[in-house]
Amino acid sequence: MPGLIRRTLLIGGAAAAAGGLALWRWGGPRATEIAYGRDPLQTFDLTLPGGRGPAPVLVMYHGGAFRAGDKTDLAVWPELLDSGIAVVRVNYRLSGTAKWPAQGDDCLAAIVHLQRQGAALGLDPSRIVLMGQSAGAFLAVSTALSLVEVGLSPRGVVSLYGPMDFSTMDQDMKTLGRTPQMGPTDAADSAESQLLGFAVGENRAAARAMGPVGRLAQLREPLPPILIRHGDADPLIADLQAKRLREAWVAADPAARIDYKLVPGAGHGGEAFETDPVRAETLAFIRQALA
């Protein structure tokens, strides 16, 4: 696996080098959009803080069930910029036009571009935290594990209400006595099955192996600190997915720092994750990891 990931990083880096300088345009106040590949969705936007660099970086991945969404769905919290932290919001190819592992390749290619071009962009690529919401949390954690495998561990990871083991998502909902609002994950038309190109219920072992929980079962490396938050009333993704991530992280590295909490009464995202205490806890974790 490390060799495969290393080749993926090099291929992604070549794509970044080929496409990265082709697109520079202002995407909003203080934000610059940059291409890391040739596909229109292989872009990220960079918001720099005030003051002198090089700045540490928070890299964010959007949700949308792997088939929708955009980087601009993610808010750039002013407290981050005030703390001298640059924010990168990443777009990636969606499942309607590209199946897995295209999304993982894109997330890695964006990091490769930051590693190679960081100094020119006013960044310190040695100080990066990855953060994602929902499907973006799956991608943030997956990308972090790929970086760990090649000795480029990020400073930290923030996982917000994401799926972590496709093979157990239906059972987890059943255990909690809930019916998933988007239908069963095992079905061929589920977001997860559409991402993989096969029905989760028809190849549960493969569905588990490609996700964070399955990968952690094969990993015995020092892991970065991780903050995990999930609503205990989530109608889309059972909070047991967050528990599985925590347990797999501990098993892979018992010494890793894990900040895990369920958010009382919270559903799938929403105001509870944009306000205190979750907001304050997330900001504190990011600041400490990037200090």
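This is a predicted model: local features need pLDDT of at least 70, side-chain atom pairs count only at pLDDT 80 or more; totals for chains, interfaces and linings use all residues.
Colleague: How many salt bridges does the rule give?
Modeller: Side chains of opposite charge can pair when their charged atoms come close. The rule asks for a side-chain nitrogen of Lys or Arg within 4 Å of a carboxyl oxygen of Asp or Glu. By this rule the count is 14 salt bridges.

Colleague: What N to O distance is found in the salt bridge of lysine 71 and glutamate 33, and how many residues apart in sequence are the parts that this pair ties together?
Modeller: The side chains of lysine 71 and glutamate 33 meet at 2.6 Å, N to O. Helices (H or I, at least four residues) and strands (E, at least two) are DSSP runs, numbered from the N terminus. Lysine 71 lies in the loop between strand 4 (55-61) and helix 2 (78-82) and glutamate 33 in strand 2 (residues 31-35), so the parts tied together are 38 residues apart in sequence.

Colleague: Is lysine 71 buried or exposed, and at what relative accessible area?
Modeller: Buried means under 20% relative accessible area, exposed over 50%, and partly exposed in between, with a 1.4 Å probe and protein chains only. Glutamate 33 is buried, and so is lysine 71. For lysine 71 the relative accessible area is 4%.

Colleague: Which residues are linked with Lys71 in a network of salt bridges?
Modeller: Aspartate 45 also forms a salt bridge with lysine 71, with the closest N and O atoms 3.5 Å apart. Aspartate 45 lies in strand 3 (residues 43-47) and lysine 71 in the loop between strand 4 and helix 2, so this pair ties together parts 26 residues apart in sequence. Aspartate 45 counts as buried, at 3% relative accessibility. The residues linked with Lys71 in the network are Glu33, Asp45 and Arg89.

Colleague: Which residue forms a salt bridge with arginine 93, and is that partner buried or exposed?
Modeller: Arginine 93 counts as partly exposed, at 22% relative accessibility. Its side chain meets that of aspartate 106 in a salt bridge of 2.8 Å, N to O.

Colleague: Which handedness has the β-α-β unit of strand 8, helix 9 and strand 9?
Modeller: Strands pair if DSSP finds at least two bridges between them; strand 8 and strand 9 run parallel and are joined by six bridges. A crossover is right-handed if, with the strands pointing away from the viewer, the path from the first strand over the helix to the second runs clockwise. With helix 9 (residues 240-252), the unit is right-handed.

Colleague: How many residues of helix 4 are buried?
Modeller: Helix 4 (residues 135-149) reaches 21 Å from its first C-alpha to its last, close to the 21 Å expected. Just after helix 4, glycine 151 takes a positive phi of about 75°. Helix 4 is mostly covered, and its buried residues number 15 of 15.

Colleague: Where is proline 277, which a cis peptide bond joins to aspartate 276?
Modeller: The bond between aspartate 276 and proline 277 has omega of about 10°. Proline 277 is in the loop between strand 9 and helix 10.

Note on methods:
Residues are numbered from 1 along each chain as its sequence is written. Side-chain values use heavy atoms; hydrogens and water are left out. The expected span of a helix is 1.5 Å times one less than its number of residues.
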